[in-house]
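Hi,

Here is the structure I promised to pass on to you. Please have a look at it first, and then read my notes below.

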Amino acid sequence: MKKISFLLIISVLITTIPNTASAAELLQYNAIQRSYAQQYCMKTDVEGIFQDADGNYAMAVAGTNAKQHMLIPVGRHDVLLTSETSVNSLQSIEGVGQELKNDVIEMAQYAQTYKNYDCDDCSTVSIYSPDLLPMAQNVSYQYYDGHRMKIELLTGDRHAGFTPLVKGNNFKGVLSNIIDVVIDRGVDIPERVSIFGAGVSLLKEILKHASANDVYPSSDNTAEAKIRYSYVRKYTYGELMHLSGDWMVGCMSTSATINEYIFSYDFYTNSGKREAAGEIFIFSNDTKYSENFVSGHLKTAWLNLSHPWADNGISINIGPKTFKLT
């Protein structure tokens, strides 16, 4: 979900309520949304999640019109992937969709098998759902064409890499051709993004960082890349029968916010084997969305309840290597 400012939320209150809603219900709904906009006015680190002064959460979501947004109060539940107790406790939580639970379990199995998380927050995921609210709090849902819809989010941080870009005598040739990164969302034409500066290659950036003039050919020359990012998985459900509470997922979409590119290098600068080694950190705040993440999820979900639709993931190509983010 695109990051929405407090003023934008106020100015584009959506009336996503059943088509049969009365004028009184419409006025009441808009009044609730105005109060939510004033209450949930603090941004969080999670795309599309806002917070109030008491630590309560709300999800900013788009309706059938991508320019319109509404706020839906949600509860939060954290899961430590490396803890069997934490993961097992998720199964006893009612309301959260089984598809989301299955994804968390799969992630936990991987985490507990490989134990390769190298950041403090990478082993914890957070779930946001209207059904995680206290029983005493009224639950709000979205509507599509008069049908109740529900959205749940799974969020977390990850690292992709270190992945070798080149090793050996091709060091200069490969890195001189990496002038930008290519971001593929699975739709349209992949986007080319310059992260070193217009027309600047990774080779030129490495030579500048290492204060070196050239690279001496060697089978030991290496360069690797890593991407640090945060992700949001969106699960959109439709209610099979009105007010039945029987939900089925129809659309799964994703977003990824790229926080940092890290390039590690190790090469020789001359025949005397003077070695240059180091890491280049390029910070970013670039968010990419899969096909239905922003506005198409409601319609897509309702039309695919019998055979759930999953958007293509988001990946980044750096030279010869592909980094799959979602």
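Let me start with Lys150, which is in contact (heavy atoms within 4.5 Å) with Gly95, Pro130, Asp131, Tyr141, Tyr235, Thr236, Tyr237 and Trp247, leaving aside its neighbours within four places in sequence. Lys150 is found in strand S7, and helices (H or I, at least four residues) and strands (E, at least two) are DSSP runs, numbered from the N terminus. Lys150 has a relative accessible area of 2%, so it is buried; buried means under 20% relative accessible area, exposed over 50%, and partly exposed in between, with a 1.4 Å probe and protein chains only. Its side chain also makes a polar contact of 2.8 Å with the side chain of Asp131. A polar contact is a pair of N or O atoms within 3.5 Å; within protein, one must be able to donate a hydrogen and the other to accept it, and residues adjacent in sequence count only if both atoms are side-chain atoms. Glu239 lies 89 residues from Lys150 in sequence, yet their C-alpha atoms are 7.9 Å apart in space.

Before going further, a word on what you are looking at. This is a predicted model, in which local features need pLDDT of at least 70 and side-chain atom pairs count only at pLDDT 80 or more, while totals for chains, interfaces and linings use all residues. Residues are numbered from 1 along each chain as its sequence is written, and side-chain values use heavy atoms, with hydrogens and water left out.

The pLDDT (the predictor's confidence in each residue, from 0 to 100) averages 86 over the protein chain, and 88% of the residues score at least 70. Which elements mark the lowest and the highest mean pLDDT? Helix H1 (residues 6-11) is lowest at 34, and helix H5 (residues 171-176) is highest at 97. Residues 1-16 stay under 50 throughout, although the model has 51 contacts beyond four places in sequence for them. Where pLDDT is low, the predicted coordinates should not be read in detail.

Two threonines come next. Thr254, found in strand S11, counts as buried because its relative accessibility is 13%. Its side chain makes a polar contact with that of Thr326, at 3.0 Å. Beyond four places in sequence, the contacts of Thr254 include Val232, Phe293 and Ile314.

Thr300 sits in helix H7 (residues 297-303) and counts as buried because its relative accessibility is 15%. The side chains of Thr300 and Asn292 are joined by a polar contact of 2.9 Å. Not counting residues up to four places away, Thr300 touches Gly250, Cys251, Asn292 and Trp309.

Helix H6 (residues 202-210) has the buried residues Leu202, Leu203, Glu205, Ile206, Leu207 and Ala210. These pack against strand S7 (147-167), H5, strand S11 (247-268) and strand S12 (275-289). After H6 comes Ser211, with a positive phi near 55°.

Finally, there is an open sheet of 4 strands in the order S9-S8-S14-S15, with antiparallel pairing. Strand S9 (191-193) and strand S15 (321-324) stand at the edges with a single partner strand each, so one side of each has no neighbour in the sheet. Strand S8 (residues 181-184) and S9 run antiparallel and are joined by 3 bridges; two strands pair if DSSP finds at least two bridges between them. Ile183 stands opposite Glu191 in S9.

Best wishes
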